[in-house]
Amino acid sequence: MKFAHNPLLAELLPAWRARLMLIVMMALFGGLVARAFWLQVVNDEFYQRKGEERFSRVLPTPASRGRVLDRNEQVLAMSTQVSAIVAESRPTRSDAKANPKDIGAEKLSPAQIRQLAELLGMDHREIARKIPENRGRSYLKRQVQPEIAKQILALKLPGIRAEPEYRRYYPHGEVSAHVVGFTGMDDNGLEGIELAMNRPLTGQVGQRRVITDARRNVVEDIEVLAPPRDGGDVRLAIDARLQFLVHSKLKQAVTDHKARAGSAVVLDTRTGEVLALANWPTYNPNNRDQLSGPPLRNRAFTDTYEPGSTIKPIIAAMALESGRYTFDTPVDCAGKLFFGRASIGDAHSHGTLSLAEVIQKSSNVGVAKIAGTFKPSDMWHVYDQMGFGSPLRLGFPGEAGGRLRPAASWKPVEQATMSYGHGMSVTLMQMARAYMVFARDGDLIPLSLTRVDAPQVNGMQVFSAQTAREVRRMLEMAAGPGGTAPKAQIPGYRVAGKTGTAHKLEGGAYANKYIASFVGFAPVSDPRYIVAVMIDEPSNGVHYGGQVAAPVFSDIMNATLRATGVPPDAPVPVLQMAKNSVTGKEGW
Amino acid sequence: MLRLNLLLIAALVISAVSMVSSQHRSRALHTELERELTRMRVLETEWGQLQIEQGALAAHARISDLAETKLRMRAPDPNRIIVIDSTEAGQ
């Protein structure tokens with residue numbers, strides 16, 4: 001039998017069937033090629049993106065908040081990275097299905113919780129309470145030191161992670177607390193410079209998209225969605241050395257006089273910089289538990305008081321400027337001045353005093369008489385020019401403007417009391433700035449909390465240079481023998497300044513409580529610094545500005561002049577001293 | 001013709017292998033970069049802490065306390081200070 005002769009094979013299929021199959025197969029291949037072309041070339045992004053989404057993640061790039069520095073680049077506030085310890089729980093599943101990698105904090109054993117509690121310095125029951133039961137996350141503790149966080153992570157507890165966050169530190173603590181202020185938990189400024197300059201200080205957290213491998217290591221950067229930007233540093237005018245001196249002298253004075261509070265500021269007369277600003281009571285910005293209540297108030301900026309006699313030199317300057325008075329013009333200061341039923345008098349009645357002596361002895365009667373010769377609107381205009389009645393607008397939060405009523409509503413007695421600083425209110429900062437006029441040659445320059453490098457040449461001229469020089473002499477007399485504040489003197493330097501003792505207003509009436517103040521400058525031959533001191537309710541026997549505030553002024557000014565190396569401008573009895581040190585009667 | 005094809009195949013294989021190896025190297029380098037960046041952040045944190053520590057140690061309150069108690073220093077009384085005229089000082 002010949003297989004070749006199989007009749008079935010002998011039957012020839014029609015040629016078109018083979019061709020049809022070929023065409024069909026070609027068409028199918030064509031379809032595949034087209035699909036591949038579509039996926040690989042035309043619409044290639046879709047699956048590429050889908051693929052990347054499986055491995056790519058968006059990570060934040062941390063950015064830190066800028067530092068607050070003093071004028072010599074000492075750090076006053078700075079952020080450093082710490083950790084927040086977070087507990088995460090996973091949805092509960094039957095144990096058989098649970099992947100060991102997939103269990104959360106709810107599976108922590110009591111022993112592990114105890115371990116955690118010990119490291120965090122917390123009670124273990126508190127931690128147990130904070131762990132979320134099902135599918136959730138919560139902070140166990142925030143602002144944990146990096147070393148502790150490292151130890152916790154080394155335990156490899158399920159569901160316990162550390163998240164980076166920042167903590168703000170204030171190395172100088174309470175000393176510069178009122179100027180610098182503080183930030184909240186989320187590193188946002190809440191008080192002081194931290195709030196006023198929040199925008200330049202704040203950093204911008206960046207974002208980047210990365211590809212990670214199975215162990216979540218970043219293997220490739222895809223794109224930067226937003227570049228991180230660290231916050232800028234802010235360089236203040238404050239000098240940390242002076243700030244500490246002022247702080248400690250003020251603290252001493254408030255304690256010695258059993259006062260309720262006190263403030264002191266130091267200004268640079270050439271640049272208008274605020275070199276030091278201290279208030280008592282103060283607070284420690286590093287301790288978050290105490291950040292509330294009256295100690296937070298930056299009294300030099302936010303609290304107004306009746307300035308009392310410190311305002312008198314302005315009236316004297318107006319008198320000189322009017323041309324009707326000279327340095328020596330006699331003023332009758334005897335007895336009392338009557339306005340209807342109200343009367344104005346001096347503690348000790350003076351006879352006839354010269355204009356200079358009115359300031360030196362601080363006669364209310366004399367200065368009220370002089371003020372009576374001016375129109376209320378003229379007096380208001382000068383007070384307004386000196387910056388009273390409106391905030392200084394240094395950008396400091398909560399800055400008060402004080403009270404200066406419009407001249408049209410002044411009664412004669414009010415004009416008289418306002419000439420010696422009652423019936424109006426100011427902040428200590430305004431008062432200190434007003435003395436720029438006398439410490440400089442009659443012009444007023446704006447103040448600055450940030451460092452200024454070039455001296456301010458032209459301010460707003462309020463009085464003539466001649467007037468300013470004469471008032472300076474009067475103020476030197478006031479701080480000298482026969483004046484109200486001989487205790488303001490500093491050996492080796494000529495100082496000038498004016499005391500103020502004002503009754504405190506309580507419920508609309510003057511109470512038997514006082515605010516003692518002193519504003520002055522030195523050295524008189526070329527004034528460099530203005531120091532203003534205010535002590536609220538001194539109650540240890542003495543309450544006059546000359547007894548309470550003037551010695552503080554003297555201490556602060558002395559320390560400031562010596563710390564900055566200002567050459568003495570008053571003769572010092574050199575010979576006697578040389579002898580002293582040779583004979584060595586007193587041990588050094 | 002055959003030689004050319006062999007040459008092309010060899011070139012293709014070399015290119016493919018070097019592509020894989022360069023990809024691998026890029027990832028390795030990237031991981032290293034990532035590690036260095038992390039190290040930089042750790043060092044930055046440490047530097048910040050050192051700055052704060054320095055600030056706290058150099059705080060004037062501490063220094064004045066140490067000077068007074070430990071070194072028994074004090075500011076001289078003003079009447080014990082002798083001012084030397086700078087013009088005479090050079091002689």
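Which residue follows H16(A), and is its phi positive or negative? H16(A) is followed by A:Gly421, and the phi of this glycine is positive, near 75°. The model in which this angle is found is a predicted one.

Helix H16 of chain A spans residues 412-419. Its buried residues are A:Gln415, A:Ala416, A:Thr417, A:Met418 and A:Ser419. Several elements of chain A take part in covering them, including helix H12 (312-322), strand S12 (337-339), strand S13 (342-344), helix H14 (364-371) and helix H15 (376-385). One of these, H14(A), is itself mostly covered, with seven of its eight residues buried. The buried residues of H14(A) are A:Asn364, A:Val365, A:Gly366, A:Val367, A:Ala368, A:Ile370 and A:Ala371.

The loops beside these helices hold some backbone angles to look at. Most residues other than glycine have a negative phi, and most peptide bonds are trans. A:Ser362, in the loop between helix H13 (355-361) and H14 of chain A, has a positive phi near 60° and is not a glycine. A:Arg393, in the loop between H15 and H16 of chain A, is not a glycine either, and its phi is positive at about 55°. Is each of these two residues buried or exposed? A:Ser362 is buried, because 28 other C-beta atoms lie within 10 Å, and a count of 20 or more is what makes a residue buried. A:Arg393 is exposed, because 11 other C-beta atoms lie within 10 Å, and a count of 12 or fewer makes a residue exposed.

Another loop residue is A:Ser349, between S13 and strand S14 (352-354) of chain A. A:Ser349 counts as exposed because it has 12 C-beta neighbours inside 10 Å. Apart from neighbours within four places in sequence, A:Ser349 is in contact with A:Ala334 and A:Gly335. Its C-alpha atom is separated by 8.3 Å from that of A:Lys336, 13 residues apart from it along the chain.

Two peptide bonds in loops of chain A are cis. The bond joining A:Trp280 and A:Pro281 is cis, with omega about 5°. A:Pro281 lies in the loop between strand S10 (274-280) and helix H11 (299-302) of chain A. A cis peptide bond also joins A:Ala522 and A:Pro523, with omega about -20°. A:Pro523 belongs to the loop between strand S18 (509-522) and strand S19 (529-536) of chain A.

How is chain A divided into domains? The domain assignment gives domain 1 (59-184 + 200-235) and domain 2 (240-563). Their C-alpha centres lie 49 Å apart. The contact between them takes 18 residues from domain 1 of chain A and 15 residues from domain 2 of chain A. On the side of domain 1 that touches domain 2, helix H7 (177-180) and strand S8 (234-235) of chain A each supply at least two residues. H7(A) gives the largest share of that side, four residues. By class, this side of domain 1 has nine nonpolar, five polar and four charged residues.

Setting aside neighbours within four places in sequence, A:Val533 is in contact with A:Ala264, A:Ser517, A:Phe518, A:Ala549, A:Val552, A:Phe553 and A:Ile556.

S6 (residues 206-212) and S7 of chain A pair over six bridges, and the bridge partner of A:Arg208 in S7(A) is A:Val224.

Finally, 26 residues of chain A are in contact with 19 residues of chain B. Strand S3 (75-89), S7, helix H10 (240-256) and helix H21 (574-583) of chain A each supply at least two residues of the side that touches chain B. The largest share, five residues, comes from H21(A). This side of chain A has 16 nonpolar, eight polar and two charged residues.

Technical notes: Residues numbered from 1 in each chain as written. Chains lettered and ligands numbered in written order. Predicted model: local features only at pLDDT ≥ 70, side-chain atom pairs only at ≥ 80, totals over all residues. Pairing = 2+ DSSP bridges. Contact = placed C-beta atoms within 7 Å. Nonpolar A, V, L, I, M, F, W, Y, C, P; charged D, E, K, R; others polar. Domains from an automatic or database assignment.
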